[in-house]
Amino acid sequence: MKILNIIFTILFLLFAALQWNDPDPLIWIPIYLYAAVLTFLAARRKYYPRLYLLGIGIYLLYALYLFFEQNGVLSWATEHDAENLVKTMQASKPWIESTREFGGLLFVIIALLINYRAQKKGPF
């Protein structure tokens, strides 16, 4: 678990740094930094189940919003034939940005769920 959490921490710090040129960095930098702090603490065997649940709950609500919004994930999948999300780094269409953000939230949620489960069972 320690190595996995170190990898998560490094990735989340990198993701936060890459948000500086994003249209909404004030939303995404804190999202990734929150996950980075919790995974860093988990790597040091310090678990905070309530903070995991808080993050998971908020991020799930935001993911649902991104899924169902007008130019969200559902729109990308059904109206835009699941257009390639990584053809260019520029998110020239709103459904591409929403779908990428949805993926980022899922990644954070998975990391928090892994640590929530690990602290319930004890470290692997």
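So, H1 passes H2 in a left-handed crossing, left-handed here meaning that the near helix is turned anticlockwise from the far one by less than a right angle. H1 covers residues 2–17 and H2 covers residues 25–43; helices here are DSSP runs of H or I with at least four residues, strands are runs of E with at least two, and the numbering starts at the N terminus. Before I go on, this is a predicted model, where local features need pLDDT of at least 70, side-chain atom pairs count only at pLDDT 80 or more, and totals for chains, interfaces and linings use all residues. Residues are numbered from 1 along each chain as its sequence is written, and side-chain values use heavy atoms, with hydrogens and water left out.

Back to that pair. The axes of H1 and H2 come within 8 Å and cross at roughly 160°. That makes the two helices roughly antiparallel, the label for angles over 145 degrees. The axes are lines fitted to C-alpha atoms over the stretch in contact, and the angles run from 0 to 180 degrees between N-to-C directions.

Who touches whom? On the H1 side we have, among them, Ile-6, Phe-8, Phe-12, Leu-13 and Phe-15, and on the H2 side residues including Ile-29, Tyr-32, Leu-33 and Phe-40; contact means heavy atoms within 4.5 Å. By class, the H1 and H2 contact has 14 nonpolar, three polar and one charged residues. Nonpolar covers Ala, Val, Leu, Ile, Met, Phe, Trp, Tyr, Cys and Pro, charged covers Asp, Glu, Lys and Arg, and the others, Gly among them, are polar.

Next pair: H2 and helix H3, residues 49–68. H2 passes H3 in a left-handed crossing too, and their axes come within 12 Å and cross at roughly 145°. H2 brings residues including Trp-28, Ile-31 and Tyr-34, and H3 brings, among them, Tyr-52, Gly-55 and Tyr-59.

Now the middle of the thing. The largest nonpolar core has 25 residues, and those with the most contacts inside it are Phe-12, Tyr-52, Leu-105 and Val-108. A core here is a set of buried Ala, Val, Leu, Ile, Met, Phe, Trp, Tyr and Cys residues joined through side-chain atoms within 4.5 Å. H1, H2, H3 and helix H5 (94–121) each give two or more residues, and H2 gives the most, with eight. Take Phe-12: leaving aside neighbours within four places in sequence, Phe-12 is in contact with Tyr-32, Ala-35, Ala-36, Thr-39, Phe-107, Val-108 and Ala-111.

Two loop residues to look at. Gln-19 is in the loop between H1 and H2. Is Gln-19 buried or exposed? At 12% relative accessibility, Gln-19 counts as buried; the cut-offs are under 20% relative accessible area for buried, over 50% for exposed and partly exposed in between, with a 1.4 Å probe and protein chains only. Not counting residues up to four places away, Gln-19 touches Pro-25, Trp-28, Ile-29 and Tyr-32. The C-alpha atoms of Gln-19 and Ile-29 are separated by 6.1 Å.

Arg-45 sits in the loop between H2 and H3. Arg-45 is not a glycine, yet has a positive phi of about 65°. At 60% relative accessibility, Arg-45 counts as exposed.

Zooming out, the chain has five helices and zero strands, and of its 124 residues, 40% count as buried. Among contacts between residues at least 6 apart in sequence, 64% join residues at least 24 apart.

Note on methods. Angles under 35 degrees count as roughly parallel, over 145 as roughly antiparallel, 65 to 115 as roughly perpendicular and the rest as oblique.
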